[in-house]
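Open the model in your viewer and keep the selection tool at hand.

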Amino acid sequence: MAQDLTLDLEELRHLHSIAKRPRTLSLLSSEISNLEKISLEAHAPQIPTPISTGAKVSPSPALTYSTLASFSWDQDGDKVKIYVSMEGIDENKIETEFKSMSFDVKFHDVQGKNYRCAISKLHKEILPEKCKVLVKPKRAIITLVKASKGNWLDLHFKDDKLKPNLDKEKDPMAGIMDMMKNMYEEGDDEMKKTIAKAWTDARSGKTADPLGSYR
């Protein structure tokens, strides 16, 4: 077959050299190109098909974690400390991930089990590079370094939508209007009608206090 391809190419090239019509030259060029590709494939080295041994490699099972049922915590102006009471913790088998608003600490192979202590959204920001885990004989201490000094009301972030924004630098009414907007978005049809009317009256100057009817 390889010899036939070679002869065909020689003949096509000869015809191409004596052809004069543009269409004929184009057709011959296209056919020469196709045959050259076939010829290259015919002369390409054959890659042997890998031989299957029949052995199957089992994928590594995904690790499972038990969430810690409880832990305690305290704080000072700079840090928050979380106390995990658990014996048999190996500090070399701890996996940590600290981010600005979250942390995830995994304890591997503690008396044959894997445990996890994590909060997906903290009350306030922390400094990940300064956070750490200290292992004691009967517990582990997770230290979170606060990004800004102050007292945390909780470990978890809480968004108080109904709390007006009373920033002194802003219009006091702006916080009330924000609260009304949240109430409107979450209320039923009757609530929306009532708030819409109060909102309209407040804007038109009929009433200075849009929440007067709720006091």
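Start by selecting Lys146, which sits in the loop between strand 8 (139-145) and helix 3 (172-186). Helices (H or I, at least four residues) and strands (E, at least two) are DSSP runs, numbered from the N terminus. This is a predicted model, in which local features need pLDDT of at least 70 and side-chain atom pairs count only at pLDDT 80 or more, while totals for chains, interfaces and linings use all residues. Residues are numbered from 1 along each chain as its sequence is written, and side-chain values use heavy atoms, with hydrogens and water left out.

**Around Lys146**

A salt bridge is a side-chain nitrogen of Lys or Arg within 4 Å of a carboxyl oxygen of Asp or Glu.

Next, show the backbone oxygen of Gly150, which lies 2.4 Å from a polar atom of the Lys146 side chain. Then display the contacts of Lys146 (heavy atoms within 4.5 Å). Leaving out residues up to four places away in sequence, Lys146 touches Gln75, Asp76, Gly77, Asp78, Lys79, Val80, Glu125, Ile126, Leu127, Asn151 and Trp152.

**Salt bridges**

Asp76 is partly exposed at 37% relative accessibility, and Lys79 is partly exposed at 29%.

Move to Asp109 and Lys93, a salt bridge whose closest N and O atoms are 2.9 Å apart. Asp109 lies in strand 5 (residues 102-110) and Lys93 in the loop between strand 3 (79-85) and strand 4 (94-99), so the pair ties together parts 16 residues apart in sequence. Relative accessible area is 41% for Asp109, which is partly exposed; Lys93, at 35%, is partly exposed.

Finish with Glu36 and Arg13, where a salt bridge has its closest N and O atoms 2.9 Å apart. The pair links distant parts of the chain, 23 residues apart: Glu36 in helix 2 (residues 22-43) and Arg13 in helix 1 (residues 2-18). Glu36 counts as partly exposed at 33% relative accessibility, and Arg13 counts as partly exposed at 42%. By the salt-bridge rule, the count comes to seven.

Key
A polar contact is a pair of N or O atoms within 3.5 Å; within protein, one must be able to donate a hydrogen and the other to accept it, and residues adjacent in sequence count only if both atoms are side-chain atoms. Buried means under 20% relative accessible area, exposed over 50%, partly exposed in between (1.4 Å probe, protein chains only).
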